[in-house]
Amino acid sequence: MSEQKPASKSFKQVRAEQLEYNAKRESGYRERALKIYPWICGRCAREFDRRNLSELTVHHVDHNHDNNPGDGSNWELLCIYCHDEEHSKFESFVRYGNTGATKVKGATHTPFANLKAKMEGKD
């Protein structure tokens with residue numbers, strides 16, 4: 001049994017495919033966001049360079065990945081840790097609803113309002 005080797009591509013074919021891939025990737029929202037914004041996490045202010053740029057992500061503020069305006073108004077750059085935290089908060093919001101509903105209201109009863117009158121028997 002002999003294994004078939006894939007047909008080797010010429011250098012020109014490989015180069016053309018790579019250029020096409022690069023052009024497609026550059027038109028993506030991540031690359032556009034990296035050109036617009038400084039390479040700093042929007043939450044923890046961690047700075048990035050080419051060595052660790054893969055740890056910087058683009059977060060969609062409205063959580064809609066199809067909403068990619070050219071001005072980048074729906075994006076923020078977050079490190080992978082802050083991005084994970086942001087999505088955890090959003091998942092909790094979706095699962096449990098508005099966090100304002102769980103807040104305890106302040107007490108309105110004042111038990112000692114008429115204490116002096118009660119002590120004097122003027123009830």
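**A walk through the predicted chain**

Leaving aside residues up to four places away in sequence, F48 touches W39, I40, C41, L53, E55, L56 and C79, where a contact means heavy atoms within 4.5 Å. The structure is a predicted model, in which local features need pLDDT of at least 70 and side-chain atom pairs count only at pLDDT 80 or more, while totals for chains, interfaces and linings use all residues. Residues are numbered from 1 along each chain as its sequence is written, and side-chain values use heavy atoms, with hydrogens and water left out.

The chain holds 4 helices and 2 strands, which follow one another along the sequence in the pattern α-α-β-β-α-α; helices (H or I, at least four residues) and strands (E, at least two) are DSSP runs, numbered from the N terminus. Of the contacts between residues at least 6 apart in sequence, 48% join residues at least 24 apart.

F48 also belongs to the largest nonpolar core, a group of 12 residues made up of A33, L34, C41, F48, L53, L56, V58, W75, L77, L78, C79 and C82. Such a core is a set of buried Ala, Val, Leu, Ile, Met, Phe, Trp, Tyr and Cys residues joined through side-chain atoms within 4.5 Å, and buried means under 20% relative accessible area, with exposed over 50% and partly exposed in between (1.4 Å probe, protein chains only). The elements that give two or more residues to this core are α2, β1 (56-60) and β2, and β2 gives the most, with 4 residues. In soluble globular proteins, nonpolar side chains tend to be buried together. Across the chain, buried residues make up 18% of the 123 residues.

W75, a member of this core, is buried because its relative accessible area is 3%. The chain has 1 aromatic pair, counted when ring centres of Phe, Tyr and Trp (its six-membered ring) lie within 6.5 Å, with planes under 30 degrees apart taken as stacked, over 60 as edge-to-face and the rest as tilted. The rings of Y29 and W75 have centres 6.2 Å apart and planes at 35 degrees, so the pair is tilted. This pair links distant parts of the chain, since Y29 lies in helix α2 (residues 29-36) and W75 in strand β2 (residues 75-79), 46 residues apart. Y29 counts as partly exposed because its relative accessibility is 28%.

Another partly exposed residue is F90, so classed because its relative accessibility is 33%. F90 lies in helix α3 (residues 80-96).
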